[in-house]
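Open the structure in your viewer and keep the selection tool at hand.

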Amino acid sequence: MQMEVSFTETDCFWRIKENTESDGDMCKDYMFYISTSKKRMIDYDSMNQLYRVPLKKYQYILTMIFVTEEINRNPKLIPNMSINFFFHPSNCDDSLIIVSQIHYGPFNPVLSDRFQYPYLYQIAPKETRLPFAIVSLMLHFNWTWMGLVISDDDQGIQFLSDFREKMQGNELCLAFVNVIPLNMDLYNTRAEKYYKQIVTSLANVVVIHGELNSTLEVSFRRWANLGIRRIWVTTSQWDVITNTGRDINFDSFYGAFTFSNHHHEIPNFKKFIQSMNTSQYPIDFSVLRSEWMYFNCLDIEFKCRTQSKCALNNSLKWFARQGFDIAMNDESYNLYNAVYAWAYAYHAMHYEHVDVHPITSLCVPDCSKFYHTMKNMQFINPIGDLVTINEKRKCDADYDIFHISNYPQGLGIKVKIGQFTSYGSFGQQLYLSDEAIEWATGSRQIPSSVCSETCKLGFRKFRHEGNAACCFDCFPCPENEISNKTDMDQCLKCPINQYASLEKNHCLQKTMKFLAYEDALGIALACISLCFSTLTAVVLGVFVKHKNTPTVKANNRTNSYILLISLKFCFLCPLLFIGHPTTAKCILQQITFALLFTVAGSTVLAKTITVVLAFRATAPGQKLRGLLVSGAPNFIIPICTLIQFVLCGIWMGTSPPFVDTDEHSEHGYIIIVCNKGSDTAFYCVLGYLGSLAIGSFTVAFLARNLPDAFNEAKFLIFSMLVFCSVWVTFLPVYHSSKGIAMVIVEVFSILASSTGLISCIFFPKCYILLIRPSKNTLKRVKKNHIVQPVDF
């Protein structure tokens, strides 16, 4: 008894439920039937019907010839028997009557319905990883903006869902989705819309998923002939369209990338085709030539007109040399495995029953057992690939990736450029050869497909509300922020010790900066400080040398010495502000400044009070002579200094100065400064100095008109005016300054106020002592009848 096994493509089965939507011969197919006999038999009747076979089916016929002869040469697989095949055209309704069928087309989940197709087996591996494989290709070439064209059926909608799922999180976007209806009339009403949608899109890449012999193929051919230039990404079954120049406008192709199920090459297939003796098979080679000689077809036609070797003969060798692709496509390879699956199932049943009864009619009593055997069949085919029929144990397919190019001469080139491994580690699943890509395309620069150009380093994405994630503008990074990668959503802030480069693409290390002795300003301030300190020492020396002269004695010689000594150290105080700040220097800066200026200010106050008491005590009836004689003014200096010392102690005990860094005042620098700690304490110290200055100014102002040639009250007034002016100006300027500028303002204020004191108080006396000594005598006092104050 012969057993019939149908090997069909998807076209028939997935449309059974939608027969009303089928169009004419779209549902027609050709079915192969396998039988066993004692000898090899050729079904000449079916061979003679080749003229009725669609041209693309010839590859399947040659595959069937090859695999049946290969199995028949194997004495261990089906001993003492030969398998034969024949075929005839079938429509969808015919397929319903077949009890056992093996589907060799792409894996179709619809055919897994055991209720509708209880005896249908699928030989192809599952393709659940195909969407991720395509997404991986998109990511590799940075194709973020693409179109998708699918058939309006269960497979198409499922692919759309899976594809969108894999796109999520990868910043890939669909520019459009064309869902092509199966009904030709319905398609014709929408064809113009689909065309406009694809031709107006900026997407250079279009993914096609669906079956041939459908409205989807009609739509593709229409777009190609209308000159739409795109990169097509699809599956291997579309090779027959994209790898041939027939009926296709070559200018419409940038090229095609196809995903084919990975399998090893069948080493004897090419040799078999080249050396096949066709005397056994009445095959019309003129038909084969017109089908497979797509490559360089114009040149072949010319040779056939001029050379006798094109005459029909008994070999395909000459045609093979002309360049047609003898390697099996996915369907041919599945067909090859399907025949072997039947043979292995037959083999298993034969050896199981050989001892029970002779196998004269295998399927009469045991058809159900044969189906069970076929359902659980798993074997290694002759080239070493694992073949599994049971869908629960099927593995996801690995894919070979090919690039197909067309040229105006009609030459189609298909080159393997890489592979996708479904079970590889993440990030290592896709492999593409740059050399193969360059060879296939002529360049390693593949055309881009993006909605917006890549945001370069130093820029970030800015998306407009309502636009796709792939459509954006590029804005420069804000101040002190960088983007060190392309297409960054947010810029990165540089660490606190770094700053952004001018290009804003990387961070640079900040330079430590402080008022250093190596800087020009630091050197200048240090020199001024030392010079004026030296000058003050010279003035002190002049006063000591002329200590017994009326000018020195008349203005409280001791207080003058104290004031000069304090001013000398006031001029040296700025040296604490220059150089790398330390905690000790920060504390000494403020304490030294506060105490030294307190001594200077209280000394000036003591001098003014002494002047007033001296003149009031000599007047008749005054009782202030006791205060003057007892030396009460001399206690002003220690008492005032003690008050300031207490204030400084409170300051140091609560919130002392410390070393601080300022990363923001100057671009590219970290400013190291002394932080005052407590601003309140600092301003209290300044306020106390101001109160001493105001007190000194008030007393000196009262004594300005006292009759004495050596009265220094007017000089004291001017010195306090200068002192107060400097520090009143200091407050707003200091408050508005940052970083090193604050240090410079404070140093200038110290130098300016100290210079004002020595200039106003001591320079006029030095002038008299050194330039006009004639005025430094008692004769002038007596001449003017003026009484000299006593020097205490």
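**A tour by selection**

Select V207 and V233: V207 stands opposite V233, which lies in strand 9. Bear in mind that this is a predicted model.

Now widen the selection to the two strands. Strand 8 covers residues 205-209, and it pairs with strand 9 in the parallel sense over 3 bridges.

Strand 8, helix 8 and strand 9 together make a right-handed β-α-β unit.

Stay with strand 9, residues 230-235. How many of its residues are buried? The count is 6 of the 6, so the rest of the structure largely encloses this strand. In a regular strand, side chains alternate between the two faces of the sheet. Check both sides here. R230, W232 and T234 are buried on one side, and I231, V233 and T235 are buried on the other. Both faces of strand 9 are covered.

Jump to the helices. Select helix 24, residues 713-736, and helix 25, residues 740-770. They pack at an angle of about 175°, and their axes are 8 Å apart. Angles over 145 degrees count as roughly antiparallel, so that is how helix 24 runs relative to helix 25. Which kinds of residues make the contact of helix 24 with helix 25? They divide into 19 nonpolar, 4 polar and 2 charged.

Terms used
Residues are numbered from 1 along each chain as its sequence is written. This is a predicted model: local features need pLDDT of at least 70, side-chain atom pairs count only at pLDDT 80 or more; totals for chains, interfaces and linings use all residues. Side-chain values use heavy atoms; hydrogens and water are left out. Buried means under 20% relative accessible area, exposed over 50%, partly exposed in between (1.4 Å probe, protein chains only). Helices (H or I, at least four residues) and strands (E, at least two) are DSSP runs, numbered from the N terminus. Two strands pair if DSSP finds at least two bridges between them. A crossover is right-handed if, with the strands pointing away from the viewer, the path from the first strand over the helix to the second runs clockwise. Axes are lines fitted to C-alpha atoms, for helices over the stretch in contact, and angles run from 0 to 180 degrees between N-to-C directions. Angles under 35 degrees count as roughly parallel, over 145 as roughly antiparallel, 65 to 115 as roughly perpendicular and the rest as oblique. Ala, Val, Leu, Ile, Met, Phe, Trp, Tyr, Cys and Pro count as nonpolar, Asp, Glu, Lys and Arg as charged, and the others, Gly among them, as polar.
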